[in-house]
Amino acid sequence: MTKYTPSIAPDPLDGRALILDLTGLSHLLPSESALVLDILADCEELGTPPVRLAFGDTIGMAGIFAREPEPLTGGAALSPHLSWVFWIPPGRGIAFLRRYPVTALGFRREVAVWCRELGIRTVADFMGIPAGEIAAKFGRDTWRRWEEILGRRADILPPRQPPEEESVTQWLEYPGTSPEALAFCLQRAVELLLLPLAARDRGITRLAVAIHCEDGGKVEENLEFFTPAADPRGILEVIRLRLERRRFPAAVSGARLVAVETAPLIRRSCPMFEELAGERRRTERWGRLAERLAARLGEDRVLQPVLRAEYQPELAWQGVPLFTARKQKRSRRDSPPLPETGPRPTRLYARPIPIAVVAAHPDGPPYRCFYGGRWFSVVRAWGPERIETGWWRGRLTARDYYRTEWEDGSHFWLYRRLQDARWFIHGRFE
């Protein structure tokens with residue numbers, strides 16, 4: 001976001017929000033609508049969740065409008081899956097602000113309590129207090145905050161300086177086509193790139209690789225690492241696997257590496273117990289494996305299952321590229337709420353298995369099941385849990401699920417399809 005303004009800072013009242021001060025920069029922007037489209041495109045490229053943008057007369061007003069847009073929409077709920085833009089006409093911010101509850105101003109908690117006790121519910125009520133009495137009644141910090149929101153006092157954001165990128169360019173004495181020449185060039189470049197990072201105890205999480213060719217062209221790759229990488233051999237292995245899929249238009253003359261993102265190295269003390277040490281080694285090996293697979297197959301083919309807010313079991317997850325999922329990791333409160341459901345099996349079959357079932361009556365639970373060439377008695381059954389999908393999905397799904405315990409101690413998840421009363425095994429509790 002620093003490409004729009006150097007004055008950018010997290011919202012002090014919401015760490016997930018950013019405030020951009022565009023004061024005096026209008027001559028550098030084509031239009032507000034073009035700015036909005038550009039910001040939304042950047043957010044989409046970064047893989048961020050849907051965003052809310054708000055323009056206000058002051059920094060404080062814009063923050064309030066973005067955090068609590070309900071008064072702007074007449075109380076109508078906004079879809080959490082869509083981005084929204086609230087453009088307040090210049091000079092009209094006060095008129096819209098009057099509709100808000102006084103708690104939206106971000107005052108200290110005790111100030112909000114005092115306002116409630118005094119019957120001050122909305123910003124319009126607060127505006128009725130003489131300016132000279134605000135500091136005396138509620139404190140000078142409240143008065144300063146109020147003056148900043150109204151624009152009577154400057155609200156200055158500290159300029160944010162982007163971190164300097166570490167980069168190394170290594171040239172070959174003579175352009176070559178042999179893999180050994182390119183490997184030597186890359187090895188030297190990686191070692192030089194890691195030297196200043198090692199002094200700061202940091203590793204690489206995103207690496208940009210550009211291979212320069214004799215004809216002036218270049219081959220570029222962007223690599224991501226599961227954990228901060230500081231091992232030259234591991235980094236070179238990932239680069240090699242990625243470049244195996246590329247063709248070079250001419251002889252290689254050099255390579256440029258840029259550490260786009262770095263992070264502190266994860267330093268863990270030696271575990272006291274061998275099982276903890278083994279778990280740590282397995283985690284590290286898994287990270288290296290994920291990096292090699294992404295380099296060889298492509299990052300969009302190494303997927304991580306992520307839960308979805310969905311009742312139909314086989315649709316309650318989706319595969320998200322592993323490194324994208326790590327970027328988009330959000331807190332539980334920001335994730336869509338999962339539906340309240342009954343127990344779910346530890347193993348869900350890719351395709352439900354049809355079985356023969358004998359029930360006490362057509363709509364009752366099963367008491368005998370034919371599976372694997374023999375009949376089993378059902379000792380206990382829990383249910384039914386009915387799962388139905390809406391008509392808008394086209395093909396209707398209507399099922400009654402039962403958790404069952406069989407005579408051999410197995411626990412299976414069965415369902416009866418309501419359209420034709422056929423039975424299926426969908427999962428197993430292990």
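Modeller: A salt bridge here is a side-chain nitrogen of Lys or Arg within 4 Å of a carboxyl oxygen of Asp or Glu. Side chains of opposite charge can pair when their charged atoms come close. Please keep in mind that this is a predicted model, in which local features need pLDDT of at least 70 and side-chain atom pairs count only at pLDDT 80 or more, while totals for chains, interfaces and linings use all residues. Residues are numbered from 1 along each chain as its sequence is written, and side-chain values use heavy atoms, with hydrogens and water left out.

Glutamate 244 and arginine 296 form such a salt bridge, and their closest N and O atoms are 3.6 Å apart. Because glutamate 244 sits in the loop between α9 (232–243) and β8 (252–264), whereas arginine 296 belongs to helix α10 (residues 274–297), the pair ties together parts that are 52 residues apart in sequence. The helices and strands named here are DSSP runs, numbered from the N terminus, where a helix is H or I with at least four residues and a strand is E with at least two.

To describe how open these side chains are, buried means under 20% relative accessible area, exposed means over 50%, and partly exposed lies in between, using a 1.4 Å probe and protein chains only. Glutamate 244 is partly exposed, with a relative accessible area of 44%, and arginine 296 is partly exposed as well, at 43%.

In one of them, the side chains of arginine 108 and glutamate 110 meet with an N to O distance of 2.2 Å. Arginine 108 is partly exposed, with a relative accessible area of 30%, and glutamate 110 also counts as partly exposed, at 35%.

In the other example, arginine 233 forms a salt bridge with aspartate 231, and the closest N and O atoms of this pair are 3.9 Å apart. Here arginine 233 is exposed, with a relative accessible area of 69%, whereas aspartate 231, at 38% relative accessibility, counts as partly exposed.
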